[in-house]
Amino acid sequence: MTSTARFDRGHTDDLMTFLAASPSPYHAVANSAERLEKAGFRKVEETAAWDGTTGGKYVIRGGALIAWFVPEGATAHTPYRIVGAHTDSPNLRVKPQPDMGARGWRQVAVEIYGGTLLNTWLDRDLGLAGRLTLRDGSHHLVNVDRAVLRVPQLAIHLDRQANDGLKLERQRHMQPIWGLGEVHEGDLIRFMAEEAGVDAEDVSGWDLMVHAIEAPAYLGRDRELVAGPRMDNLISVHAGVAALAAVAGRADLPYIPVLAAFDHEENGSEADTGAQGPLLGNVLERSVYARGGAYEDRARAFAGSICLSSDVGHAVHPNYAERHDPTHHPRPNGGPILKVNVNQRYATDGGGRAVFSAACEKAGVPFQFFVSNNDMPCGTTIGPITAARHGISTVDIGVACLSMHSARELCGADDPYLLANALVAFLEG
């Protein structure tokens with residue numbers, strides 16, 4: 001029996017809108033919350049007492065969001081079906097003292113966040129986005145989505161060996177320019193405060209980052225590919241929001257569907273908003289207790305729960321096929337990938353494969369396998385962290401893409417909606 005809630009290419013159109021509107025984790029969370037509100041979810045505060053009412057609820061902490069739907073008839077020990085993802089992407093982030101310059105150029109001091117492909121940030125038109133924190137503790141989103149920054153590459157006339165192997169020093173070569181003239185302390189934050197419509201004197205903190213302003217776009221003669229920023233991992237966040245909204249309202253759900261969109265996956269997840277932190281466990285436990293449960297109910301619920309950790313993976317690269325496993329070549333538009341690593345860099349086992357294949361079969365969605373070449377180190381995700389921290393059975397999946405961790409990535413145009421359809425079937429149980 002196929003799932004009744006199905007997505008098509010319109011989902012991919014909407015993904016491109018979501019990517020463009022989410023230049024930072026804080027924007028991704030705000031946009032996700034807005035979509036959930038339209039689906040009937042309501043925000044609950046961590047500092048407030050929770051009740052055991054049914055319906056959709058969500059919690060926001062910084063750049064992370066946890067959302068869940070309690071159906072009619074749910075008990076204190078009803079297990080969860082969780083879609084895990086992350087909101088952050090590798091990029092350049094503004095330092096605490098951002099104003100710098102040399103030789104008549106004004107520059108912005110940045111740190112490198114995550115494992116970004118440094119060369120992809122060169123000679124691009126760049127904007128700035130994130131949040132400003134005021135003295136009263138309030139946060140204000142800001143998005144300067146126009147060309148204000150650029151990291152200029154050295155001309156080949158001055159580096160004749162550039163095409164033989166470009167070497168970039170993170171400190172010396174990656175500081176963007178944003179104008180000419182003398183450097184004045186406070187210039188950047190005054191500019192960002194004006195863009196946000198707040199008084200610069202009230203700004204006491206900031207979390208700002210650089211983003212490429214080029215819009216997402218279909219690519220190829222037949223528009224069968226999508227190029228865009230932050231696909232790792234907003235593809236999964238967007239699909240998770242859409243899938244959760246699609247199943248919300250169902251009274252016959254045997255599980256409580258959950259979306260866990262964490263921050264800071266790209267630098268190890270060790271944060272209060274990361275998968276290593278207590279946020280997901282706290283939310284799930286408080287939901288059990290709010291429905292009148294005790295520790296025994298919590299243990300029963302967790303033991304029966306399953307998580308799909310959804311993150312992008314590597315499609316086979318036509319110019320570097322030797323870097324991939326010789327018998328596992330995920331391709332664009334071949335459906336979501338099931339990630340396997342026997343050393344537990346991914347959490348998938350045989351039982352998880354059965355759960356995911358059943359969801360794909362129900363949704364009428366094909367899927368593929370991803371395994372790393374034995375001679376190449378394998379990346380990891382929030383999957384093993386979720387499994388180890390909470391004792392919840394976890395399966396690692398995702399969408400195959402090229403140019404992972406680039407300022408602009410590439411995937412098949414069908415894969416985002418195929419993923420969303422599989423997630424709906426999984427959450428329906």
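Predicted model: local features only at pLDDT ≥ 70, side-chain atom pairs only at ≥ 80, totals over all residues.
1. **Where Asp 325 sits.** Start with Asp 325, in the loop that runs between β15 (313-314) and β16 (337-339). Asp 325 is buried, yet it has no salt bridge. If you go looking for a side chain of opposite charge, the nearest is Arg 331, and that one is 12 Å away.

2. **What Asp 325 touches instead.** Two polar contacts involve the side chain of Asp 325. One, of 2.9 Å, goes to the side chain of Thr 327; the other, of 2.7 Å, goes to the side chain of His 328. Setting aside neighbours within four places in sequence, Asp 325 is also in contact with Val 371, Ser 372 and Asn 373.

3. **Tyr 80 and Phe 302.** On to the rings: the count of aromatic pairs comes to seven. In one of them, the ring centres of Tyr 80 and Phe 302 are 6.5 Å apart and the planes meet at 85°, so this pair is edge-to-face. Tyr 80 belongs to strand β4 (residues 80-86) and Phe 302 to helix α7 (residues 295-303), so the pair ties together parts that lie 222 residues apart in sequence. Both Tyr 80 and Phe 302 are buried.

4. **Tyr 346 and Phe 370.** Here the ring centres are 6.3 Å apart with the planes at 70°, so Tyr 346 and Phe 370 also pair edge-to-face. Tyr 346 is in the loop between β16 and α8 (350-363), while Phe 370 is in strand β17 (residues 368-370), so this pair ties together parts 24 residues apart in sequence. As for burial, Tyr 346 has a relative accessible area of 6%, so it counts as buried. Phe 370 is buried too, because its relative accessibility is 5%.

5. **A phenylalanine cluster.** Which residues do ring pairs link into a cluster? They are Phe 356, Phe 367 and Phe 369.

6. **Arginines over rings.** Arg 81 has its charged end over the ring of Tyr 255, at 4.4 Å from the ring centre. Arg 93 places its charged end over the ring of Tyr 113, and there the distance to the centre is 3.6 Å.

How values were computed: Residues numbered from 1 in each chain as written. Heavy atoms only, no water. Helix = DSSP H or I, 4+ residues; strand = E, 2+ residues; numbered from the N terminus. Buried < 20%, exposed > 50% of the residue type's maximum accessible area, 1.4 Å probe, protein only. Lys, Arg positive; Asp, Glu negative; His and termini not counted. Salt bridge = Lys/Arg side-chain N within 4 Å of Asp/Glu carboxyl O. Polar contact = N/O pair within 3.5 Å; in protein donor to acceptor, adjacent residues only side chain to side chain. Contact = heavy atoms within 4.5 Å. Phe/Tyr/Trp six-rings, centres within 6.5 Å; stacked < 30°, edge-to-face > 60°. Lys NZ or Arg CZ within 6 Å of the ring centre and 35° of its normal.
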